[in-house]
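Please look over the sequence and the model shown below before reading on.

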Amino acid sequence: MEAQTPYLRLLAAGSNARGQLANGSDDDSHTFKECRFVSCTEGALPPGMHGILQLATGANHTLALLEFDGGRRELWGCGDGRNGQLGPEYTGQLTEFAPISMPLYESYASQGYTCCLIASAWETSYVVLKSGSRPDVLISMGSNDFGALGVGTKQATSVPAVVSFDHLTIEGRSVDPGGLVIDSVVAGPRHVVLHVRPVLKNEHMLIGWGLARHGQLGDTKVVSYDRPHIISLDVSADPMHTCSLGLQHTVVCYQSGRITAFGSNKKDQLHRVDSWGRVRQVGCTWNGTYLLVKDDENTLLSTGNNAHGQLGRGMQGEENGVTVGPVEFTPSHDNRVPSLRSFACGSEHVMAVISPSGSSDMEIWGWGWNEHGNLGLDHTDDAPKPVKIWPAGDAPDGRIVQVWAGNGTSWILIRI
């Protein structure tokens, strides 16, 4: 009998007021349901698609960067488009994923550019275009609250725009915007951070804009930046490995594994996080910080707000003097903890991909805020400690490829 070709399925659960789960409705989903793609049979992904490179979530919209045969990439989206965050073509809501098209993007595509990076703030979207022989281009679109578009004004606009870097200087020297490579773009609800570097120099920089008054962009003297601002952080000697943004704080993990965190500490989200080394992944909920440490057990540390049990160790709170500590996974029968492979932070919930002790199988566990059913447990009670959420009882049999967590939403990509 001829073997069947493996195929992908994308599933989502949680908040869905504007159709951002792409399941064909605008009702919250308390269990994981298959996402729909326009002009495709229910549950199926577009023909020729063999991967989701990135998935980015805003308040009520979702972007997905899809990869097709031959390396071709397409930007798709769903949910709320009323502020232009899905481009000028969609100004209502989409309850299925649809290709995002706009004249600005198409004009660059005709010059050989392709979409390589995406990010979403609350109601704003960011798209990085790259071409082998031309400067990188960053397009922003959607809401301009707190200067989120980065275009030098706080006035609203429905037209996608290219973010300019030609005003930036380092120690009095102008930065050549035509020679900047954008290595990453990360967005929180109200601010955004880019890791950039000149093509011909080892001069790594962090650039950000948006809400700044809590110090989340390195300076508490400014309420917000409406255009790119260089964050005063030396990342040239030890370049940034990864970065994560909360509602009012920023956490940077360097290639050496050390950590720098800045912004609000009102909820203890910065408490002692910069004292840890050997960190390989960082994540932020709105008011919490999570560090995956390189040790024998891949310990996941958490600190910050625990109002919904999102620290993953019960309803311990500030009254008990508990801040930084490990997430408490249930040990196996031989008292060994599972191996943690990766994790994803949503607004106030967390998902983790683990392998049970002594097994190569993968499971997804989750904890924290569950008001919209975003843990996929078929109820809306919070989970103060990690609980297994996948595979579920009636789930399709498949291997976990990737997980993402958003603003009251959770996403699972499986290969069947």
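What is the volume of the largest pocket? In this predicted model, the largest pocket has a volume of about 1,200 Å³. It is lined by 47 residues, and those closest to its centre are L55, V186, C243, S244 and W404. Several strands each give two or more residues to this lining, namely β3 (49-57), β7, β13 (180-187), β17 (240-245), β20 (279-285), β24 (339-345) and β28 (399-405).

The second largest pocket has a volume of about 260 Å³, and of the 17 residues that line it, I170, M205, I230, I231 and L233 are the closest to its centre. Here the elements that give two or more residues to the lining are β11 (169-170), β15 (205-211) and β16 (224-230), with β16 giving the most, three residues.

| Pocket | Volume | Nonpolar residues | Polar residues | Charged residues |
|---|---|---|---|---|
| Second largest pocket | about 260 Å³ | nine nonpolar | five polar | three charged |

Strand β7, which is among the elements that give two or more residues to the lining of the largest pocket, also belongs to an open sheet of four strands, where the order is β7-β8-β9-β10 and the pairing is antiparallel. The edge strands of this sheet are β7 (114-120) and β10 (161-162), each of which pairs on one side only. Between β7 and the antiparallel strand β8 (residues 124-131) there are six bridges, and A119 has Y126 in β8 as its bridge partner.

Key:
Residues numbered from 1 in each chain as written. Predicted model: local features only at pLDDT ≥ 70, side-chain atom pairs only at ≥ 80, totals over all residues. Heavy atoms only, no water. Pairing = 2+ DSSP bridges. 1 Å grid on protein atoms, 1.4 Å probe; cavity = no way out; pocket = protein on both sides within 12 Å on 5 of 7 lines; lining within 4 Å. Points joined across faces, edges and corners; volume = space filled by probe spheres on them. Nonpolar A, V, L, I, M, F, W, Y, C, P; charged D, E, K, R; others polar.
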